[in-house]
Every structure is written in C-alpha cells, then in structure tokens.
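Trainee: I'd like to learn how to read a model like this one, feature by feature. Can you walk me through it?

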Amino acid sequence: MGSTAPALMERVRTSKPPPTLNRGYTASHPAQLMVDTYGVPRYKEINPGVVSNVTFPFLFGVMFGDVGHGVVLTLFGLWLLGKKSRGETPSGEIMRACVENSWMLVFMGCFATYSGVIYNECFGFPLSIWESTWRSWDEWPQEVYPVGIDPVWRESEMGLKFFNSFKMKAAILLGWLHMMAGVVISVINKVYFKEYLEIFCESVPQLIFLTCTFGYLCLLILAKWSTDWVGLAVQPPSLIGTMIRMIFGSGEEQAAVLGEEFQPKLESFLMFWIVVAPPWLLLGKPAYLKYQARRRRRRGGFQRLRQHELSEEVELELASYRVDIVSPTKSHVSDEIRDIDSMGHARPPKVDMAQLMVHNVIHTMEFVLGSVSHTASYLRLWALSLAHGQLSDVFLTYLGS
C-alpha cells in the first residue's frame, strides 16, 4: 500500500497444461460437483457438467414420473430457494444439504412432472384429461391418444405387461443415446486438440461398436413399435431372441422386423464390424506408433521439427541453448529439448510399447464389457419406474380398503 517499489514478477517456464477453471452458476453447482468427483476435464475441454445438469434430473424424472409427486418436489425446491435467497440457514445436516442443492430439486421436480404427463399418472391415479381412444377388441382404435399413454391401460389386465415392455425399451433407448453423447463429446474434444490418431484408433471403433450392437437394438425397438402386428397377423418377435440369434447364430427363429431379405444381410454386415472393432481399438494405436518409430529409425534417428510444433517455452529455452552450444548438458535445459540440436533437429521420443499395450488391453476390455454393463445399468430406469408405479397402486389399494 503506497509503496513505490516495482512488483517483482518471474515467468515460470513449464510444459504442463494450465489448471481447469469451470465458471459455473449456483444452479449448476450440484451437477458440476458430481462430475468433478469422477474427474476434472482438461484445460479447454468441453465441460460435461453442463450436460449432466440436464441429463441427471431428466433420468430422475424417468424413474419417478408422477405429476403430483413432481409438483410437490418442485414446490419444495422453490421453498428452499426462498430460504436460501433470504440467507436463512436451517438446522440439521440433511436440510442444509437440501438448501445447497435446491436448484437441482427444482429441476428434478419439473422433469418428474413432465414424465408423469407422459405416463398419465398423478399420485398413482391415471389422468383422464382426454377421452380414451379404445372402444373394444372388435373395433381397433384409429386415433392416437393426444398426450402420453392412454389411461385405459391402467385398468386393463395387460396393463402391467404393457408398462413393463414400454419402460424397459425406453430405458435402453435413453441409455444408448446417453452413451453415444459421451463418445461424441470426446470426439469433439479430440478434434479441437487435433488428436487425430486417437480419433481414428479410439473414437471411431467405439462409435462402430456401440452403433452395431445397441444402436441396432434401438433400431429394432423403434421398428417393432411402428409395425402393425395385428394387421399383419404375425406374432411380434422377441428382440432379445433376435440379438442372440444374430450374435451366436442359434436360437428360436424370430419374425424379421426389417424385412425377410434385408435384415439377415444387415445383421451379417453389423457382425463383421462388431468383430473388427475390438481388435481395431486394441491394436490400432500401438501398430501405428511402432510403424512410425521404425520409419524414423530408417531415416537416421533425427527428425526435423516444424516451427509450430515447438511451444513458446521450448523456443525461448532453445534460443538460449543455441547461444551456449558449447555446454549442451547445462542443468537448466529441460527434458523436452535434451535431444534438440542447434539446427532444430530432434530425436523422436521413445515409445514404451509394453506399457502402451497394457493400457490398451485394459481400455478395450473396459469399453467392451462396460458397454454391456452400462446398458444393463440403464435398466434401473425401468425397474425403479415400474416399482414406483406399483407401490403407488398398492398404497391406493390399501387406502381404498
């Protein structure tokens, strides 16, 4: 304060990436905290916390879709927001946590209300806002119920089976879209950082594997939903049986959802890429780096560096190194330019192939097995949603008796 001495500043030379600062808002803090628990994105990467701020409450709404429960949760979150804006600190650890995450509770309540409209359910009761389009088994409905699921299914003997099938297939669709969104975000990051080798040897086989397996299952689900099986007088196929028959080549014969001639050809094409994708993911990058190392050795061991390939810190250090070329082993020379001579030539970095192969084996097994286990994990959306509906029915039944 009031000093005339100039500030002393020293520029620190480092090749390490800068730390990441995510400028979030109060509403996005809970989702950002959850993402940071798994890992902080690199500097200038897309922040997945922004996406999670929408997907997390939406998936909650899918599991606990009910108009009445959603409205209650939304009002509770708004009440907590009012207490937070007034600076009131409630007693109790649970209530303090609720106040800190009040915005997330509001989002969860809104999405639960939306899903409740789709399920046509309010406090366990079916909503009959519009007249049902169902008449009788002899008169097939020619119109679609305006919004959500026709409430007549709640009174049908096939209601539980229908909701079970619908919610299970919807969970698979949402799970596949969620996983594909993660891979697409990683591709965008790699394009920005110009990591084209990682795109070709990692992201492309991942996209192929996800598309040819669970993407094909999602296509079958949509095709089965849009087919009039009653008009065709054909028994609808089991999609699980169709996938087992495609992968293992055995099982009960199923009706072709995509056509008797086209579907077998499509499945053969997809199976080819399903078999190719894991070895591509496992061996693509090591094979390319091995080829590059051999090519450089045949050229003499040194490689000409282009000007844009040198960072600013390395250029400054290289300039001082050229001035004092008589002592190239001086201690201030960083490891990054140990093998750079005065003409700007550099020895290519050594690649530890054993370590790279171990990393790729783990990464490939984790992705292939994780694709199956993660898809199975998304079935929790179906299980919890079904359990929520059935518990509401049981509660109302006992309340009525």
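Trainee: Let's start inside. Which residues have the most contacts inside the largest nonpolar core?

Mentor: The general idea first: in soluble globular proteins, nonpolar side chains tend to be buried together. Keep in mind that this is a predicted model. Here the largest nonpolar core has 37 residues, and Leu210, Tyr216, Leu217 and Leu381 have the most contacts inside it. Six helices each supply at least two of the core's residues: α2 (48-63), α7 (159-192), α8 (196-225), α10 (239-248), α11 (262-298) and α13 (353-400). The largest share, 11 residues, comes from α8.

Trainee: Say I pick Leu381. Which residues does Leu381 touch?

Mentor: Leaving aside residues up to four places away in sequence, Leu381 touches Leu59, Val62, Met63, Ala171 and Leu174.

Trainee: Let me zoom out. How many helices and strands does the protein have?

Mentor: There are 13 helices and four strands. As for burial, 36% of the 401 residues are buried. The protein exposes about 25900 Å², with carbon and sulfur atoms supplying 64% of that.

Trainee: And what share of contacts joins residues at least 24 apart?

Mentor: For that you take contacts between residues at least 6 apart in sequence, and 68% of these join residues at least 24 apart. Two C-alpha pairs give you something to click on. Val72 and Gly109 are 37 residues apart along the chain, and their C-alpha atoms are separated by 7.4 Å. Val72 lies in helix α3 (residues 67-85) and is partly exposed, with a relative accessible area of 48%. The other pair is Asp352 and Lys290, 62 residues apart along the chain, with 9.9 Å between the C-alpha atoms. You'll find Asp352 in the loop between β4 (345-346) and α13; Asp352 is partly exposed too, at 45% relative accessible area.

Trainee: Now a lysine: is Lys285 buried or exposed?

Mentor: To read that, compare the relative accessible area with the cut-off: buried means under 20%. Lys285 has 16%, so Lys285 counts as buried. This lysine lies in helix α11.

Trainee: What does the side chain of Lys285 make a polar contact with?

Mentor: With the side chain of Glu198, at 3.0 Å. Glu198 also shows up among the residues that Lys285 touches, along with Leu197, Cys201, Glu202 and Asn360, again not counting residues up to four places away in sequence.

Trainee: Next, a whole helix. Which residues of α10 are buried?

Mentor: The way to read a helix is to list its buried residues, then look for what covers them. In α10 the buried residues are Leu239, Gly241, Thr242, Met243 and Met246. Their cover includes α7, α8 and α11. Just after α10 comes Gly249, with a positive phi of about 75°.

Trainee: Take Lys194 on its own: buried or exposed?

Mentor: Exposed, with a relative accessible area of 62%. Asn120, on the other hand, is buried at 3%.

Trainee: Last topic, pockets. Which residues lie nearest the centre of the second largest pocket?

Mentor: About 1700 Å³ of space lies in the second largest pocket. Its lining has 40 residues, and nearest the centre are His178, Met179, Gly182, His374 and Tyr378. The elements giving two or more residues to that lining are α1 (29-38), α2, α7, α8 and α13.

Trainee: Which element gives the largest share of that lining?

Mentor: That's α13, with 11 residues.

Methods: Residues are numbered from 1 along each chain as its sequence is written. This is a predicted model: local features need pLDDT of at least 70, side-chain atom pairs count only at pLDDT 80 or more; totals for chains, interfaces and linings use all residues. Side-chain values use heavy atoms; hydrogens and water are left out. Buried means under 20% relative accessible area, exposed over 50%, partly exposed in between (1.4 Å probe, protein chains only). Contact means heavy atoms within 4.5 Å. Accessible areas come from the Shrake-Rupley method with a 1.4 Å probe; for residues, only the protein chains shown count as cover. A nonpolar core is a set of buried Ala, Val, Leu, Ile, Met, Phe, Trp, Tyr and Cys residues joined through side-chain atoms within 4.5 Å. A polar contact is a pair of N or O atoms within 3.5 Å; within protein, one must be able to donate a hydrogen and the other to accept it, and residues adjacent in sequence count only if both atoms are side-chain atoms. On a 1 Å grid over the protein atoms alone, a cavity is a set of points where a 1.4 Å probe fits but cannot get out, and a pocket is an open set with protein on both sides within 12 Å along at least five of seven lines; lining residues have an atom within 4 Å of a point. Grid points are joined across faces, edges and corners, and a volume is the space filled by probe spheres set on the points.
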